[in-house]
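The sequence and the structure are shown below.

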Amino acid sequence: VCRGSTMASNRGNVRLSWFDVTTRWQMASAALRTSPGFRPPAGADATALSSFRRVTRSQQVEFFVDEPGWRGLRGLELSSQMDYVHVGCSSYTTSTLITLDRSPIYKIETTIVAVDDSLRRAIPLPDCFRNALVSSHSASRPTRLERLPRPDRAFCWQTVARWAECDELGHVNQSQYCLLLEEARAVAAAANGYGAAVSRDIAFAAPASFQLNYVGQALAGDVLLVYTWWDGESFRCELEKLDAAGRGELLIFGRFWVSAASRPSKL
């Protein structure tokens, strides 16, 4: 059912907190928290929005500032411009550019999937919602991240999902997943978990870009295993939760680039 319309501005403002810019380990998580991916398109009304649930399937972030530049953003008001760049049967992708005085700071691409009440089964987007998206989007497909076999040498860090990391849907928020992945990279770097092939400077370097695919969901109390390894160009990562039998269920796989020269040409 679609009645009337609600105009949604694609422009907004972002202000990073003191904590967001204290260390480079906060960069990825802070960027994801500013994503306006659930903002409705012009022409979609509240009735259509309440007829289905949405979950984030994947995110890609590209930074245009280094670690010193990131620290310098404390307390500054940034501008955001969001566009719809792809529309599918049950999903859509937004691209948001964050700027300071028209200079790019970072860009986020978020793919969102319509799901039923179980939050696991994809369903078609309501016609009026999809039509509103189609009239707004710029016809550009998001880059897909290929999952590669995990090597036996991958470093593994174990933790437990906390209540404080969960959102209103009851599962760990994606920005918190990003913190867990960066924490695992920090632990691996401190323990020389990447071996002689990765220098300390590279192991601790701030991200230039990253891609994450969300496959499953973690709940508070779940035992999590975070795997991380160096593939020659970037840091690969996988996050699993253990079931009662001790078997791992994949929740996330991703990739972090720390060099602008090695990251994909299109994000």
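Which residues does F210 touch, not counting residues up to four places away in sequence? With that limit, F210 touches A28, L32, Q59, Q60, V61, F63, C178, R255, F256 and W257, where contact means heavy atoms within 4.5 Å.

## Basis of the model

This is a predicted model, in which local features need pLDDT of at least 70 and side-chain atom pairs count only at pLDDT 80 or more, while totals for chains, interfaces and linings use all residues. Residues are numbered from 1 along each chain as its sequence is written, and side-chain values use heavy atoms, with hydrogens and water left out.

## Overall architecture

The chain contains 6 helices and 10 strands; these are DSSP runs numbered from the N terminus, with helices being H or I of at least four residues and strands being E of at least two. Of its 267 residues, 52% count as buried. Buried means under 20% relative accessible area, exposed means over 50%, and partly exposed lies in between (1.4 Å probe, protein chains only).

Among contacts in the chain with a separation of 6 or more, 72% come from residues 24 or more positions apart. The chain exposes about 12,600 Å², of which carbon and sulfur atoms supply 50%. Accessible areas come from the Shrake-Rupley method with a 1.4 Å probe, and for residues only the protein chains shown count as cover.

## Nonpolar cores

The largest nonpolar core has 49 residues, and L16, W70, Y106, F210, L212, L239 and F256 touch the most other members. Helix α5 gives the most to this core, with 7 residues. A second, separate core of 11 residues includes Y84, L125, F129 and L133. Such a core is a set of buried Ala, Val, Leu, Ile, Met, Phe, Trp, Tyr and Cys residues joined through side-chain atoms within 4.5 Å.

## Aromatic pairs and charges over rings

The whole structure holds 10 aromatic pairs. Rings of Phe, Tyr and Trp (its six-membered ring) pair if their centres lie within 6.5 Å; planes under 30 degrees apart count as stacked, over 60 as edge-to-face and the rest as tilted. The ring centres of F63 and F210 are 6.4 Å apart and their planes stand at 40 degrees, so this pair is tilted. Because F63 lies in strand β2 (residues 53-63) and F210 in strand β7 (residues 209-214), the pair ties together parts that are 147 residues apart in sequence. Both F63 and F210 are buried. The rings of Y177 and Y214, with centres 6.3 Å apart and planes at 40 degrees, also form a tilted pair. Here Y177 belongs to helix α5 (residues 174-190) and Y214 to strand β7, so parts 37 residues apart in sequence are tied together. Y177 and Y214 are both buried.

One aromatic cluster is formed by F63, W70, Y106, F210 and F256. Charged groups also meet rings: the charged end of R24 sits over the ring of W25, 3.6 Å from its centre, and that of R150 sits over the ring of Y227, 3.6 Å from its centre. A charge sits over a ring if NZ of Lys or CZ of Arg is within 6 Å of the ring centre and within 35 degrees of the ring normal.

## Salt bridges

Side chains of opposite charge can pair when their charged atoms come close. The whole structure contains 16 salt bridges, each defined as a side-chain nitrogen of Lys or Arg within 4 Å of a carboxyl oxygen of Asp or Glu. R71 and E67 form one of them (3.1 Å, N to O). These two residues are 4 residues apart in helix α3 (residues 67-71), so about one helical turn separates R71 and E67. R71 is partly exposed, with a relative accessible area of 39%, and E67 is partly exposed at 25%.

E165 and R162 meet in a salt bridge (3.3 Å, N to O), and E165 counts as buried at 5% relative accessibility. D222 and K241 are joined by another (3.8 Å, N to O). This pair links distant parts of the chain, with D222 in the loop between β7 and β8 (223-230) and K241 in strand β9 (residues 235-242), 19 residues apart. D222 is buried at 17% relative accessibility, and K241 is buried at 13%. A network of salt bridges links R147, R150, E238 and E240.

## Surroundings of S95

S95 lies in strand β4 (residues 91-100) and is buried, with a relative accessible area of 12%. Leaving aside neighbours within four places in sequence, S95 is in contact with Q81, M82, D83, V85, K107, I108 and E109.
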